[in-house]
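I wrote each entry with the model open beside the page.

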Amino acid sequence: MKITLLEPLGIPAQVLEQYKARLEAKGHSFTAYGDKTTDPAELIRRTGDSDIAIIANNPYPAQVVEAAPNLKMLDVAFTGIDHVALDDCKAKNVMICNAAGYSTQCVAELAIALTIACLRKMPACETATRTGGVGGPLRGREICGRTVGIVGTGAIGTKTAQLFLAFGAKVIAYSRTVRPEVEAMGVEYTTLEDVMSRSDIVSIHTPNNAETKGMISKELIAKMRPDAILINVARGAIVDNAALADALNQDKLAGAGIDVFDMEPPIPADYPLLHAKNTVLTPHVAFATDESMLRRAEIVFQNVEAYLNGQPENICKL
């Protein structure tokens, strides 16, 4: 089969060569592109007559799917697949496999890092240090003893809950599915409204889909306590970010740590969160560590080999 990697995977060249050699040894062809593109015409050209295409988190729109005559499997080197034209893949019987699990640890760790950065006022502390200021006015707060609300207890939400528990927090959660193993950790499941109103820290960990888009609404943000902070390392569209910015600027919320937005970075200069008070913003990097990129590549190429062996893995429901 013809297999094409449409964008880099962030792994050393010698590691990619090893995966290429494994596929070619079994009689398959493998082509890899060393730069990203979001241009549909270029994606169509790169996909060509590939049987299997590998992408990461750049969009794979409908016109590309429709123009791929031989495409049988789309291997997404990412956990979420909301950037793919899912209906068109379903209509053409294109199987989608993802790389679920590769970023669980690093995304959970960034949720903790953003929490600490907000509670300890890290941006203001750095500015003060670099401009001759002092730390007296910059007294922070601790995670220990606080109530953390986890919205979504999939793999990443569960790992994040474990880390917060290790800091000595009380953890409550809302999720579509109640998981007994999460309850066994000492996590209390409750309603979304209760999570938003009771928590000192709310951390979002749901996928972006028709059910969750805009789920953290203006009304739910208004239920949060004025000394609470919101952390989002999931998807930007889950939160009403304009309402979040308004709440921050009106001191109705103490802070926010945000890695995901309504668009992929670069963020437009007039985007409300860029001008909101008490925010710590990162440019969608929660998934990106040296370790996670290697884990991701291993899952992605295992997906390819499993598909070629007639036993596909990590199949996404369409």
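**Entry 1**

I began with β7 and β8, which run parallel and are joined by two bridges. In my notes, two strands pair if DSSP finds at least two bridges between them. Helices (H or I, at least four residues) and strands (E, at least two) are DSSP runs, numbered from the N terminus. I found I172 opposite E188 in β8.

I recorded that this is a predicted model, in which local features need pLDDT of at least 70 and side-chain atom pairs count only at pLDDT 80 or more, while totals for chains, interfaces and linings use all residues. Residues are numbered from 1 along each chain as its sequence is written, and side-chain values use heavy atoms, with hydrogens and water left out.

**Entry 2: strand β6**

Is β6 buried or exposed? Five of the five residues of β6 (residues 147–151) are buried, so this strand is largely enclosed by the rest of the structure. Here buried means under 20% relative accessible area, exposed over 50%, and partly exposed in between (1.4 Å probe, protein chains only).

I looked up both partners of β6. With β7 (residues 170–174) the pairing is parallel over five bridges, and the bridge partner of T147 in β7 is K170. Between β6 and β7 the chain passes through helix α7 (residues 155–166), and this β-α-β crossover is right-handed. Right-handed means that, with the strands pointing away from the viewer, the path from the first strand over the helix to the second runs clockwise. With β9 (residues 201–204), β6 pairs in the parallel sense over four bridges, and V148 stands opposite I201.

**Entry 3: strand β9**

I saw that I201 and S203 point one way from β9, V202 and I204 point the other way, and all are buried. β9 runs parallel to β10 (residues 229–232), to which four bridges join it. In β10, I231 is the bridge partner of S203. The chain goes from β9 to β10 through helix α10 (residues 218–223) in a right-handed β-α-β crossover.

**Entry 4: the largest nonpolar core**

A nonpolar core is a set of buried Ala, Val, Leu, Ile, Met, Phe, Trp, Tyr and Cys residues joined through side-chain atoms within 4.5 Å. Which residues touch the most other members of the largest one? I found that they are Y60, L74 and F301, in a core of 44 residues. Among the elements that each supply at least two residues of this core are β1 (2–5), α1 (13–25) and β4 (73–76). α12 gives the most to this core, with seven residues.

**Entry 5: loops and backbone**

I kept in mind that most residues other than glycine have a negative phi, and most peptide bonds are trans. I looked for exceptions.

- A cis peptide bond joins P265 and P266, with omega about 10 degrees; P266 lies in the loop between β11 (255–258) and β12 (279–281).
- H284 has a positive phi near 55 degrees and lies in the loop between β12 and α12. With a relative accessibility of 10%, H284 counts as buried.
- N314 also has a positive phi, near 55 degrees, and lies in the segment after α12. Its relative accessible area is 31%, so N314 is partly exposed.

At 43% relative accessibility, G101 counts as partly exposed. The C-alpha atoms of G101 and S292 are separated by 9.3 Å, although these residues are 191 residues apart along the chain.
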